[in-house]
Each structure stands twice: as structure tokens, then as C-alpha cells.
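Please keep the sequence and the structure in view while reading.

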Amino acid sequence: CSTIKDIPDLKALYSANQISSFALHGKIAFITAQERQSSNLYWQQKNERYELNLTTFLGIQLAEVVGTPNHLFVSADGKTYQSNSPEQLIEETIGWPVPISHLQNWIKGVHNGVIINRHDNKQAKEVLVRTSSTEEWTLNYLSYKKYGNIYLPTKIKCQSYGLTVILQINEWENINQ
Amino acid sequence: EQTVSQQLKEKLSEIAGFSAQFKQKVLDSKKQVVQLSEGNIELIQPNKFRWETLPPNDSLLMSDGVSVWFYDPFVEQATVYNFADTVNSNPILLLLQPDASAWQEYIIEKPSASVFKVTSKSQRNQIEYIEISFTQDNAVEWLTIKDRQQQTSHYQFFQFKQTQLSDFGKEYFVFKLPEGADLDDQRQQ
């Protein structure tokens, strides 16, 4: 991936692939047949390191997830957990099997999936992504907003088997800063 | 000489009802802004209120006096609880009931002339303490919630007005489940 010195800032970007750091305020929801959970979301990403803060409408922290590709720290309900396998730990601690290593790209509209259809503005709408030999996700990019000369997603539905993860991004910030 | 807790209860009992707009700012333990939102609140003691947060983080928390409803349009779901179950777990709802027995779960202090601090005795409560500040003419000026992860949620109130039940329509505090929304009923019968 790009080294520090040649990271273009927002105005010079022509593709979301060039985004190596960002912050966003929004909401995240997890929907299964049995339950629907949602929380406000503050996501900070610096290269491969991500920090997610999940908070209730009252401002009370539900969980904090800090991770890099091979290490994860989760704090929830006053307890803290560490692991080297992000996806498995997240499911155990906050009960949501979130493909966090994929989400950090999907959230920018970056994926290696098959685009099924597009919006009028040419941005991908429905995308099929195979994340393992046994797992496939359908990504629905419901809306975008233009930042500089690139489009960034503002609402995404990610579905796999019985789980739907919905991401709403109210505000993108600090892109490549 | 009145104890601090009697002073707070007296102040609260003088506000039989109020309506206000609010701006909320949430800072995490590193003082980063995690969330900003705004909305409005109407509250009538002892058990009716409507706490609406506006888009993009919209949600609605309201009580008809019997049950407390929380509607989250993001997942199109309403959750309903018995009013009694919620009062003990949420110190803000204590503002509704100056003489509720739930007060014993909290230590009341007065860090400064206009500010009261309500600290949960139970470690299980996700809220460590709330601070509430009153203006000279007894309006609620601001309210801060501190949680166990050292995150602070600060509510600044504006357009504070004293109100009474007759100011509101009969149905005002009655929750209507929106078309197509799911209901998660948490009321243990």
C-alpha cells in the first residue's frame, strides 16, 4: 500500500482505493431473524489500524473495538478482551459476527466483488463478494455523497445468510489527514 | 438545614413539568467528539415524557406513565418496557419523580452552588454519575452523564419552559407504532 509521503489529500483523489485514513460519524445496525440491534458509530481508521466506538443515543458507550490485521482489543460492558482473530472475538464479545477486516474496505466502497448493477451516477449498487470458500456477502450501496471528485457511500446494507449489517455514514472526515 | 438530597428534590418538585430543546455532545475518554445530536424534550411529573432526538441520529423515547417506548427508525423497531423497570436503571428518569424510592440507589452531592451530582451506588449501573445544573429561576440548564468507560454525554438545554399536562393534547404522550415497524416487548407480565 502507499507509503506516508505520497498519500494524496481529498481534492487530489480520483478513487476510494487511495484513502488510507479517515474518520466517520454514523450508525451501525445488526439485524437477524431474532433481534435488531443498532448503535451510533464513530469510526477512526489510520492505515491498517481501526478504532470503532459504539454508543447509545444517550451517549453511553456500548463497546469500543481497536484493531490491526492481526490483533484486536474489545472493551464492552466494563470488561476488556484481546485476541489475534478479530472476527471471532467480536462475535464472542458483542455478539455480532462482523466481518471487520472486510468492512474497513466495504465502507469506502472498495471491494473485490462482482458488481450486479449500478446507480445512475455509475456507482456500484448491488455487489456480490466471496469472503471465503463457504461465505458470500451481498452488499447494497443504497446512497453515496460526492467528496472532492469521488463518491463515498452514505448507506450500505451487507447481507450474508441470516445476518444484515446496515451502515449509515452521516459524515466523512479527516480523509488522508 | 436541608440535606443536599432534600434541596435537589425540592428543586425538582418545583418543576412539575417542562419542555426544552437540547444539544448533545458526547466525548470519549480521550476527549474526542464521538457524537453530536439535538432534539427536544417534554416532561410532566410524575411519569410522562417525550425525548426526541432529531435526524441524522433520530430516535424517540417516551412514556405514557405506564410503559416506556423507545423507537429507533434506523432498524424500524420499537422496544417497550414497564415504566417501573426503567426508572431505577436511568437516573435521568429520576428527574420525573422527586420522591421515588429509587433515589436511595444514588448518592447526592453539590459540587457547586447550581450543580447537583447524582452518583450510582451500584457498580452494575452503566452510568457512573450525572450532574445537573439549574439556573437562578430554576430552569434545567445542562445535564452531563458520565459512564463507566469515562465517556461524557453533555446535554445543553434551550428554550426551557415550565409546562403542565393540560398544555398537551390527550394523545401527546401516547406512542403509536409506525406502519411496518417491529415491536420488541420487554414488559415482563
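## Terms and model

Strands are here DSSP runs of E at least two residues long, numbered from the N terminus. The model is a predicted one, and what follows should be read with that in mind.

## A proline in chain B

With strands defined in that way, B:Pro111 belongs to strand S7 of chain B, which covers residues 106-112. Once its neighbours within four places in sequence are set aside, B:Pro111 is in contact with B:Phe116, B:Lys117 and B:Glu131. B:Glu131 is 20 residues apart from B:Pro111 along the chain, and the C-alpha atoms of the two are separated by 9.0 Å.

## The sheet of chain A

In chain A, eleven strands make up an open sheet with antiparallel pairing, and their order is S6-S5-S4-S3-S2-S1-S11-S10-S9-S8-S7. Strand S6 (79-83) and strand S7 (114-118) of chain A are the edge strands, each of which pairs on one side only. From one strand to the next, the twist averages 20 degrees. As a general point, the strands of a sheet pair through backbone hydrogen bonds, in either a parallel or an antiparallel sense.

## Two hairpins in chain A

Strand S4 (residues 61-68) and strand S5 (residues 71-76) of chain A pair in the antiparallel sense over six bridges, and the two strands form a hairpin that has two residues between them. Within this pairing, A:Ala63 has A:Ala76 of S5(A) as its bridge partner, while A:Val65 stands opposite A:Val74 in S5(A).

S5(A) is also joined to S6(A), by five bridges and with the strands running antiparallel; here A:Phe73 stands opposite A:Gln82 in S6(A). S5(A) and S6(A) likewise form a hairpin with two residues between them, and A:Asp77, which lies in the turn, has a positive phi of about 45 degrees.

## The contact between the chains

Chain B contributes 32 residues to the contact and chain A contributes 30 residues. Between them the two chains bury about 2400 Å², of which 51% is on carbon and sulfur atoms. Of the area that chain B buries against chain A, 27% is supplied by B:Phe74, B:Val75 and B:Gln149, which is more than any other three residues supply.

## Polar and charged pairs across the interface

Between chain B and chain A, 18 residue pairs are in polar contact, counting pairs with both residues at pLDDT 80 or more. On the side of chain B that touches chain A, several strands supply at least two residues each, including strand S1 (17-27), strand S3 (48-53) and strand S11 (152-162) of chain B. S2(B) gives the most to that side, with three residues. Sorted by class, the side of chain B that touches chain A has 13 nonpolar, twelve polar and seven charged residues.

How many salt bridges does the rule find across the interface of chain B and chain A? The rule finds one there, whereas the count over all chains comes to seven salt bridges. Since A:Glu51 lies in strand S3 (residues 49-55) of chain A and B:Lys30 lies in the loop between S1 and S2 of chain B, this pair joins two chains. The salt bridge between A:Glu51 and B:Lys30 has its closest N and O atoms 2.7 Å apart, which is within the 4 Å that the rule requires. In general, side chains of opposite charge can pair when their charged atoms come close.

Definitions and conventions
Residues are numbered from 1 along each chain as its sequence is written. Chains are lettered from A and ligands numbered from 1 in the order in which they are written. This is a predicted model: local features need pLDDT of at least 70, side-chain atom pairs count only at pLDDT 80 or more; totals for chains, interfaces and linings use all residues. Side-chain values use heavy atoms; hydrogens and water are left out. Helices (H or I, at least four residues) and strands (E, at least two) are DSSP runs, numbered from the N terminus. Contact means heavy atoms within 4.5 Å. Two strands pair if DSSP finds at least two bridges between them. Axes are lines fitted to C-alpha atoms, for helices over the stretch in contact, and angles run from 0 to 180 degrees between N-to-C directions. Buried area is the accessible area (1.4 Å probe) that two parts lose on being put together, summed over both. A salt bridge is a side-chain nitrogen of Lys or Arg within 4 Å of a carboxyl oxygen of Asp or Glu. A polar contact is a pair of N or O atoms within 3.5 Å; within protein, one must be able to donate a hydrogen and the other to accept it, and residues adjacent in sequence count only if both atoms are side-chain atoms. Ala, Val, Leu, Ile, Met, Phe, Trp, Tyr, Cys and Pro count as nonpolar, Asp, Glu, Lys and Arg as charged, and the others, Gly among them, as polar.
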